[in-house]
Amino acid sequence: MSLRGKAAIVGVGETPVDRLGGKPGEPRKVTAEYLSWAARLALEDAGLTKKDLDGQGLAAIYTTNHSQPFWPEEAANILGIAPAVSLAGGNGGASAVSLLGHGAAMIDSGVVDLVLVVAAAAPFSERGRTRAEPADTRDFEMPFGVMGPNCKISFVMSRYMHESGMTVDHFGKIAVTARHHATLNPDAYLRKPLTLEEYKSSRLISDPIRLYDCVLPANGGKAYIMASPERAKTLRRSPVYLLGWGERNNASAGPRSNANPLITGILESGKAAFEMAGVSHKDIALLALYDDYVPIIMLQIEDLGFCGKNDRVFFEKTDFTIKGDLPIQTGGGMINCGQPSTTGGMLHVIEVARQLRGEGGARQVADAKVGLATGLGAVNYGKNFGCTAAAILGSEP
Amino acid sequence: MAEEKKEIPKPLPEITPVTQLFWEAAASGKLVMQRCAECRSWVWCPRPACVECGSEKLSWTPLGGRGRIFAFTVIREVVGRALRGFAGDIPYVTAWIDLDEGPRICSNVIGCPIEQIAIGMPVEVVFEKAGVGISLPKFRPRS
Ligand SMILES: [Zn+2]
């Protein structure tokens, strides 16, 4: 089954992000407030009202700081709508891109013709209870002092440097490019230009990962609304069509007890997205790659087939800025715009939608007609990401 | 009133029917993992059935405890409340060790200055008591 052109993004909404609420006296907002705010912004953008969503689809992404088993129902309850279909984003940071496909399938099958995807998290202002961890993490990583994703992606990065010969200069180039784009984005959180020297002298968190390799945790809410192509044509915004989509979870490059951690499931999900879209690499005007860490951006560029594995020369020669050969992280990415927990991946879907609508302002990629967004979630024992998804979006169906 | 300074405990594994035999072996100084009788794959972490072929014929099989560092990191900051007990150990090394038999295990490299640790370094298992009936398989350099 192909979902090509079967659904379109018709509205997007993003609250400002902040890092407040953890200290006494700081202004404090909770998850429900960011959720409600983001949904309202997306509805306004689409020219729809809350009433239009009754009997339609609602998708809510589970977050790590406010996780309860009936979260999609609670989200509907917060918003005061009665969905005909509730979808759950349970793929962590991959959820925003995964749900593009899940929502499109619901729309294409005729079950609903609108789907609101909404996500919010307030890790600074709303401390959840001690969260449950996957059994492998709880039993075979935490007792050894494995400090979550920082540590696990450090394993991947250390091996990547060993096999590819990539150095701090290669990673720094990506970090500096993303920050440059953030300086052009009024909604970014970190907007001061970053030099290569500043990147290289930022403190080591978990060698070889340093501060400016890491995503920026934040409070915030984000939402997008999908519609059938017929419905999309009646709404006020230029539709952004889903052209291609793929999801691959629990991928393992090689034996499961000894996988190659430098190959992600994006190899498969990206291939599926390209096949469905029927576009080639040169048609892609911009990449919005899930960026919890700088080296992961590079592994995805390789896995998507824009270059070979460990292709140092490609990373040296390519201009990744909005005016360059292959624009990436055109709004600055999560590293500069903030990551509200597992909902952060919404940023990439929304950035591609904005670019294809020509609303990029100072960061607009010229003549952007097709863009690609990815999502990654969960870091599995001894490998890399458990959840991966890729989507190709276009301004024409 | 003098406030008693309490040591923050480190998290311990939860022993389940799936993992029990691993931890029992570890407590007696032996490194074992499941191996599939049908397809001969190693299965790690412990599972109810083979993750390669689906067979339930898994047998706990001893390993030599020798391998090489595949990747490693130096932990320099505590992240998250659950791991505050490691604050006093910083900096320390966590690593992926590729065992000679094939499987990759996540552990610590100990008994060696951090500057000397490198990818490819040969290591061997050493068990460190972490709690009642629980020993953690850690790794130290071997010549
Ligand atoms: Zn088997």
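This is a predicted model: local features need pLDDT of at least 70, side-chain atom pairs count only at pLDDT 80 or more; totals for chains, interfaces and linings use all residues.

In chain A, helix 13 is mostly covered. The second largest pocket has a volume of about 320 Å³, and the largest cavity holds about 40 Å³ of space.

**Helix 13 of chain A**

- Helix 13 of chain A runs over residues 346–356, and eleven of its eleven residues are buried.
- Charged side chains are part of this buried set, which includes A:Glu351 and A:Arg354.
- Also on the buried list are A:Met346, A:Leu347, A:His348 and A:Gln355.
- Just after helix 13, you will find A:Gly358 with a positive phi of about 75°.

**The second largest pocket**

- Its lining is made up of 22 residues, and those nearest the pocket's centre are B:Lys10, B:Asp89, B:Asn108, B:Glu128 and B:Lys138.
- Strand 5 (92–99), strand 7 (122–131) and strand 8 (134–141) of chain B are the elements that each give two or more residues to this lining.
- Strand 7 of chain B provides the largest share, three residues.
- Sorted by class, the pocket lining has 15 nonpolar, two polar and five charged residues.

**The largest cavity**

- The count of cavities of 30 Å³ or more comes to one.
- From chain A, the lining of the largest cavity takes A:Arg256, A:Ser257, A:Asn258, A:Ala259, A:Tyr381, A:Gly382 and A:Lys383.
- From chain B, B:Trp44 and B:Arg104 line the largest cavity too.
- This cavity lining divides into three nonpolar, three polar and three charged residues.

Technical notes
Residues are numbered from 1 along each chain as its sequence is written. Chains are lettered from A and ligands numbered from 1 in the order in which they are written. Side-chain values use heavy atoms; hydrogens and water are left out. Buried means under 20% relative accessible area, exposed over 50%, partly exposed in between (1.4 Å probe, protein chains only). Helices (H or I, at least four residues) and strands (E, at least two) are DSSP runs, numbered from the N terminus. On a 1 Å grid over the protein atoms alone, a cavity is a set of points where a 1.4 Å probe fits but cannot get out, and a pocket is an open set with protein on both sides within 12 Å along at least five of seven lines; lining residues have an atom within 4 Å of a point. Grid points are joined across faces, edges and corners, and a volume is the space filled by probe spheres set on the points.
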